[in-house]
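Open the model in your viewer and keep the selection panel at hand. This tour goes chain by chain and says what to pick at each stop.

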Amino acid sequence: MASVEFKHVEKVYSGDVHTVKDFNLKINDGEFIVFLGPSGCGKSTTLRMLAGLEDISGGEILINNKVVNELEPIERDIAMVFQSYALYPHMSVYQNIAFALKLAGMSKADIDEKVRPVADMLQLTPLLDRKPKALSGGQRQRVAMGRAMVRTPEVFLFDEPLSNLDAKLRNSMRAEIKALHKKMKKTTIYVTHDQVEAMTLADRIVILRDGKVEQVGTPREIYHSPANKFVAGFIGSPAMNFIPVALNKQEGWQVDLAGQTLPLLGDVDDHQSSANATLGIRPCDIHITPDLLSNPLVIKGKVENLELLGSTIQLTSRLGESQITVEAPSSHIVNEDDEANFYIDESRLHMFNDQSGLSIYKPKGKPESVVSQ
Amino acid sequence: MLAMRRISWGKYIFLILVAGFVLVPMFATVLGGFKSLGELRTNPFGLPVVWEFEYYAQVFADGSIWLLMKNSLIIAFFSVLLTIIIGTMTAFTFSHIKFAGYKYIYNYFLIGMMFPAAAAILPLFLKIRDLGLLDSLSGVVIPQVAFGLGFSILLFRTFFEQLPAELFDAARVDGCSYIKFYWHVILPLSTPILATVGVFVLVASWNNYLLPLLVLNTEQQYPWTLGIMQYRGEYGIEWNRILAYVTVTISPAIVFFLFAQKYIVEGLTGGAVKG
Amino acid sequence: MSNDVTTIGKRSSTSSNQNVSRWFKKNNHGNRLLTLVLFLPPALLLFTIFVILPIGEAGYYSLFRWNGYGEPSQWVEFSNYVRLFKHGAFDTAVWNTFKIILISLVIQLPLALIIALSIYKKSWANSLFRLIFFLPYILAEVAAGLIWRFVFDGDYGVMAKFTEALNTDTWYILADKNWAFVAILVVLVWKYFGFHMMIYIAALQGVPKDLIEASKLDGASRFQAIWYVKIPLIMSGITISIFFSILGALQTFDLIMPLTGGGPSNSTHTLVSYLYTFGITRMNVGFGSAVGVVLFICCVIFAFTYQSTIMKDKK
């Protein structure tokens with residue numbers, strides 16, 4: 001049973017490279033947390049500080065309410081799965097899994113008793129005598145996990161464990177990791193730059209950029225209520241459309257867009273509002289409609305580029321100055337250069353302050369609250 | 001097409017000529033030991049008309065040759081062992097501990113590769129004498145190790161740094177201290193470079209002449225390189241005896257070469273290519 | 001008052017103790033510092049005592065006249081150096097060393113390169129040739145020297161056959177002041193060209209095949225492919241082999257002793273055999289050290305200029 005807590009954690013490399021800035025997070029026992037962010041955002045460094053592989057420049061890290069800053073990795077009761085798997089090339093699968101136990105001075109019989117069930121669970125039993133060189137990518141991955149599991153640690157750490165696998169294997173290993181976590185219910189921290197992994201695995205996602213936390217929340221919160229423009233643009237594929245608009249208040253809030261006025265039905269945060277803002281809308285929240293509606297939320301546009309992706313089509317058009325991407329079911333019959341009517345789903349609008357980038361709009365009837373840090 | 005063939009013929013004739021230049025002296029040496037002095041004079045390069053075995057037999061007669069070989073082997077064995085132990089330990093501090101200022105100390109070791117041992121041979125001799133190592137095998141081994149350090153540290157460090165960095169992280173998480181990582185992971189993974197450096201030190205030590213000449217005075221301590229010169233001194237121009245002796249003393253090196261070619265070529269040129 | 005001072009002193013000393021122990025704790029993860037203290041000193045000591053210190057001492061001793069016993073006391077300033085540069089045999093030794101370098105660059109390395117180019121591809125015949133050509137390199141210099149001493153012997157070897165064929169007097173080439181060193185140069189080429197050949201072969205085998213194929217498609221002849229593609233691509237191997245051959249030339253010794261021992265009348269000395277004959281065997285510590293210093297300076301000047309000019313592009 002282990003909780004993990006980061007209190008004002010900092011990482012500064014010599015030469016003032018500030019990789020992690022004032023990182024705060026409390027992770028509950030059994031939770032699956034994913035650190036997500038572009039490369040160089042400090043997610044791996046944070047994980048490595050927790051593992052004891054990097055010095056902590058400032059702040060405290062607690063495992064089970066005990067400060068671990070000064071402890072050796074082995075004393076922290078953690079296990080880690082690495083991106084390259086980092087299997088010892090000169091040891092067999094069995095020896096790889098057993099190595100930590102051997103170092104801990106466990107007897108041969110005790111080691112065997114622990115290694116066998118883990119190997120069984122991961123279907124490695126027939127491979128135990130092989131060297132890592134003779135294994136496939138997926139098998140190596142499982143050995144790396146076996147090596148972590150055999151120690152029955154309180155906290156599992158994964159550092160981009162699937163990025164060396166091909167797409168198909170990645171999906172099945174992802175499912176395996178998820179199933180294992182369900183079974184063992186151990187606190188897990190998982191670092192990735194792949195948002196699909198983050199969305200499917202996480203109980204909560206921590207989004208990082210330039211060493212700072214941008215948002216912490218469930219996958220649903222992160223997707224539907226991004227706290228700021230960075231998160232909104234980082235999550236979701238194809239990426240959210242951003243359109244600069246003028247925001248003004250008459251009877252209610254409204255924006256001017258491509259010569260039309262769009263009424264806003266939700267709440268704009270008065271303190272954060274400004275005349276110029278950025279409107280955000282995901283490509284799947286713009287719908288192609290027949291000509292008959294004359295609604296302020298329907299905007300005409302010319303289809304500039306169209307790609308058939310299978311079940312959906314993706315097209316680009318223009319609203320005023322800005323290019324937008326629209327995703328629609330492929331049952332729609334549209335062609336390039338056609339005029340089309342785009343209906344914007346107002347309940348899915350986002351609005352961001354141009355200076356701070358923070359979200360300033362809450363559409364009506366949206367249950368999740370925005371958790372920002 | 002014709003031109004190509006002519007080039008290719010020319011090439012083989014050239015190669016065979018060079019091979020003759022290399023091999024004829026060696027064959028003459030091996031065969032010379034089977035000839036009487038009179039025959040050696042009239043027929044230095046051909047097969048012996050009468051095969052005489054007494055000169056070879058005489059090389060082994062008093063058993064001193066075994067002592068020479070044993071001394072050479074002891075010197076070479078400890079030189080290899082110490083170079084590998086001390087060299088890997090030092091290289092490990094440069095590749096994984098990376099203490100403050102390690103680059104300066106690393107460069108300090110590299111200086112040693114730039115000048116020959118001979119330049120400071122007199123002060124070195126006095127040092128060996130003052131440390132009481134004169135006329136002992138360790139008096140040859142220790143300076144030899146010291147002079148091989150720069151080169152071996154360079155090769156070891158390069159190799160250690162090419163090992164995946166995550167291996168070290170994984171070992172730390174598994175509970176390895178630095179020393180355990182060195183022992184359980186670095187050393188077992190380094191066998192190729194250990195073989196390369198080992199062969200280099202082995203050959204250099206086996207063939208070394210100047211240092212034993214300087215340090216060793218009693219015949220009981222002599223390696224074969226001193227023995228061969230002494231034998232030559234004893235028998236002057238009785239070339240058949242000397243050639244028999246040369247053949248016997250160089251054959252271990254040649255047999256070793258034929259068996260471990262790959263490592264030897266790697267060891268002797270690998271440093272050049274990798275460094 | 002005095003009380004205050006002591007408490008302040010105490011406090012600062014305990015806090016500095018704390019700092020030290022904190023610093024130690026932080027840096028000693030995984031026994032990092034302990035390992036360093038255990039692993040570094042053996043090499044550092046050995047290297048300093050047997051490699052670096054003697055060089056410094058050679059510089060110091062070279063200013064004395066000393067037989068190596070007791071303390072060096074007879075300070076003679078630079079007279080060892082003066083004597084050295086006035087000594088005809090030293091001139092010859094320097095000149096001979098220079099000849100070795102010249103022959104290495106003009107004959108040995110080109111020969112090695114030509115052979116490497118003709119046998120670098122993998123085939124059993126090529127492997128056999130490689131084996132043969134490399135063989136002399138693994139022989140001890142003293143053994144090789146004796147073999148060639150026999151070959152050059154006017155009564156028994158090549159020279160005997162040669163003079164017999166020409167019907168002239170027997171010729172003891174190693175005793176001939178004008179030709180002895182030429183004979184030594186032949187042996188040097190015989191002994192070392194295989195080593196350089198192997199360096200070139202290793203480099204040539206690293207040249208990507210498609211580059212050579214591309215040059216053929218571009219219409220390069222055999223010779224052009226060698227000159228414009230292969231040689232530029234193995235330049236780093238060539239640079240290194242030149243470096244080794246010059247450093248090797250500067251320390252030639254083992255081969256000289258069995259062949260001529262520096263004679264006749266000191267005409268075949270190299271720097272090191274000169275140092276051995278006039279410094280070591282006569283226990284002229286001061287004079288021998290002066291020779292060593294000259295040798296050391298030559299090596300250092302060469303190594304640094306070579307590294308900062310020719311090898312610079314490589315790194």
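Select chain A. Residues 24 or more positions apart account for 65% of its contacts with a separation of 6 or more. Keep in mind throughout that this is a predicted model. Chain A holds eight helices and 23 strands. Its C-alpha trace spans about 80 × 45 × 40 Å along the principal axes. Of its 373 residues, 39% count as buried.

**Stop 1: a loop in chain A**

Zoom to the loop of chain A between β6 (78-81) and α2 (93-103), and pick A:Tyr85 there. A:Tyr85 is not a glycine, yet its phi is positive, about 70°. Is A:Tyr85 buried or exposed? A:Tyr85 is buried, because 24 other C-beta atoms lie within 10 Å, and 20 or more are enough to count as buried.

Now pick A:Ala86, in the loop between β6 and α2 of chain A. Phi of A:Ala86 is also positive, near 50°, in a residue other than glycine. A:Ala86 has 25 C-beta neighbours inside 10 Å, so it counts as buried.

**Stop 2: a cis bond**

Move along chain A to the loop between α8 (229-234) and β11 (241-249), where A:Pro238 is found. Show the backbone from A:Ser237 to A:Pro238. The peptide bond joining A:Ser237 to A:Pro238 is cis. Its omega is near -5°.

**Stop 3: chain B**

Hide chain A and select chain B. How many helices and strands are there in chain B? Chain B has 13 helices and zero strands. Follow the sequence and the pattern reads α-α-α-α-α-α-α-α-α-α-α-α-α.

Buried residues make up 51% of the 275 residues in chain B. Take the contacts in chain B between residues at least 6 apart in sequence: 75% of them join residues at least 24 apart.

**Stop 4: a tryptophan in chain B**

Pick B:Trp224, in helix α12 (residues 224-235) of chain B. B:Trp224 counts as buried because it has 28 C-beta neighbours inside 10 Å. What does B:Trp224 touch, not counting residues up to four places away in sequence? Select B:Leu68, B:Met69, B:Ser72 and B:Thr249 to see these partners of B:Trp224. B:Ile105 is 119 residues from B:Trp224 in sequence, and 36 Å away in space, C-alpha to C-alpha.

**Stop 5: where chain C touches chain B**

Show chain C beside chain B. Here 76 residues of chain C are in contact with 70 residues of chain B. Helix α3 (residues 41-61) of chain C gives the most to the side of chain C that touches chain B, with twelve residues. The residues on that side of chain C are 56 nonpolar, 13 polar and seven charged.

**Stop 6: two helices in chain C**

The crossing of α3(C) past α15(C) is left-handed.

For the contact, select these residues:

- From α3(C): C:Ile55, C:Ala58, C:Gly59 and C:Tyr61.
- From α15(C): C:Val285, C:Gly286, C:Ser289, C:Gly292, C:Val293 and C:Phe296.

Color the contact of α3(C) with α15(C) by residue class to see six nonpolar, four polar and no charged residues.

Key: Residues are numbered from 1 along each chain as its sequence is written. Chains are lettered from A and ligands numbered from 1 in the order in which they are written. This is a predicted model: local features need pLDDT of at least 70, side-chain atom pairs count only at pLDDT 80 or more; totals for chains, interfaces and linings use all residues. Two residues are in contact if their C-beta atoms, placed from the backbone, lie within 7 Å. Helices (H or I, at least four residues) and strands (E, at least two) are DSSP runs, numbered from the N terminus. Ala, Val, Leu, Ile, Met, Phe, Trp, Tyr, Cys and Pro count as nonpolar, Asp, Glu, Lys and Arg as charged, and the others, Gly among them, as polar. A residue is buried if 20 or more other C-beta atoms lie within 10 Å of its own, exposed if 12 or fewer, and partly exposed in between; C-beta atoms are placed from the backbone. A crossing is left-handed if the near helix is turned anticlockwise from the far one by less than a right angle, and right-handed if clockwise.
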